[in-house]
Amino acid sequence: PLNTGTVQIALFGAGHVARALIPVLASLPCQIHWIDSREGEFPANIPEGVEKIVSEYPVDEIDSLPANSYFIVMTHNHQLDQELAEAILKRNDFEYFGLIGSKTKRNKFSHRLQAKGFTESQITRMICPIGIGEIKGKLPAEIAISVAGEIIAHYNAAFGSDQQSTPVDASIIERLAI
């Protein structure tokens with residue numbers, strides 16, 4: 001059984017950015033399901049806390065993932081990204097859904113999703129482009145850190161809501177006043 005502080009992440013795609021992102025996510029309180037159809041794209045060493053899933057039909061994996069999962073889609077194929085987006089949005093029980101891509105890709109996907117009957121409120125739950133907007137770098141490591149930062153910010157927002165931070169804040173204020 002996983003502890004309540006563990007974030008369930010499903011990462012679709014094993015390309016350059018995903019390979020840079022996995023070690024960062026694996027160092028966080030995350031249980032990762034790393035899914036791709038291409039066995040040869042996975043590195044030889046998979047970090048602890050990461051389950052490698054080679055699936056001919058990655059979309060089929062979505063139903064088996066836990067509710068409140070974080071979904072990250074960064075495959076090598078726009079059509080597969082589209083099918084994954086539809087399946088994730090249909091589930092509608094995710095905590096986070098990020099799709100790698102540009103604003104242009106987001107607009108194309110939004111139009112296709114609307115044409116398939118998805119509502120505006122469903123479509124707005126899809127984050128694309130993903131990552132921290134201020135990080136403009138295009139290197140896999142830069143994109144990976146940007147995406148990891150966004151995920152950390154998201155789960156920190158959720159974790160912080162049930163904790164009282166006043167005593168810590170008060171002690172810091174007292175030390176600063178001295």
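**Close-up views of the predicted model**

**View A. Pairing of strands β1 and β2.** Strand β1 (residues 7–12) is joined to β2 by six bridges, and the two strands run parallel. Helices (H or I, at least four residues) and strands (E, at least two) are DSSP runs numbered from the N terminus, and two strands are taken to pair if DSSP finds at least two bridges between them. The structure is a predicted model, in which local features need pLDDT of at least 70 and side-chain atom pairs count only at pLDDT 80 or more, whereas totals for chains, interfaces and linings use all residues. Residues are numbered from 1 along each chain as its sequence is written, and side-chain values use heavy atoms, with hydrogens and water left out.

View B. The protein chain has six helices and six strands, and its elements follow one another from the N terminus as β-α-β-β-β-α-β-α-α-β-α-α. The strands form an open sheet with parallel pairing in the order β3-β2-β1-β4-β5-β6. Because β3 (50–54) and β6 (126–127) stand at the edges with a single partner strand each, one side of each is left without a neighbour in the sheet.

**View C. Strand β4 between β1 and β5.** Four bridges link β1 and β4 in the parallel sense, with A10 opposite F71. A further four bridges connect β4 to β5, again in parallel, and here V73 stands opposite L99. Side chains in a regular strand alternate between the two faces of the sheet. In β4 (residues 70–73), Y70 and I72 point one way and F71 and V73 the other, and all are buried. Buried denotes a relative accessible area under 20%, exposed one over 50%, and partly exposed a value in between (1.4 Å probe, protein chains only). Over the whole chain of 178 residues, 39% count as buried.

View D. Strand β2 is mostly covered, with six of its seven residues buried. I35 belongs to this strand and is buried at a relative accessible area of 1%. Leaving aside neighbours within four places in sequence, the contacts of I35 (heavy atoms within 4.5 Å) include A10, L11, F12, F42 and L65. The C-alpha atoms of I35 and E56, 21 residues apart along the chain, are 9.7 Å from each other. D36 also lies in β2 (residues 30–36) and is buried, with a relative accessible area of 2%. Its side chain reaches the backbone nitrogen of A14 at 2.7 Å. This is a polar contact, namely a pair of N or O atoms within 3.5 Å; within protein, one must be able to donate a hydrogen and the other to accept it, and residues adjacent in sequence count only if both atoms are side-chain atoms. Not counting residues up to four places away in sequence, D36 touches G13, A14, F42, I53, V54 and S55.

View E. The largest pocket holds about 340 Å³ of space. Among its 16 lining residues, P129, I130, I135, G137 and K138 are the closest to its centre. A pocket, on a 1 Å grid over the protein atoms alone, is an open set of points where a 1.4 Å probe fits, with protein on both sides within 12 Å along at least five of seven lines, and lining residues have an atom within 4 Å of a point. Grid points are joined across faces, edges and corners, and the volume is the space filled by probe spheres set on the points. The lining comprises seven nonpolar, six polar and three charged residues, where Ala, Val, Leu, Ile, Met, Phe, Trp, Tyr, Cys and Pro count as nonpolar, Asp, Glu, Lys and Arg as charged, and the others, Gly among them, as polar. P129 lies in the loop between β6 and α5, and the peptide bond from C128 to P129 is cis, with omega near 0°.

**View F. S146 in helix α5.** S146 is placed in helix α5 (residues 140–160) and is buried, with a relative accessible area of 4%. Beyond four places in sequence, S146 touches G131, I132 and I135.

View G. N68, in the loop between β3 and β4, has a positive phi of about 65° although it is not a glycine. N68 is partly exposed at 48% relative accessible area. N92, in the loop between α2 (78–91) and β5, is likewise not a glycine and has a positive phi of about 60°. At 35% relative accessibility, N92 counts as partly exposed.
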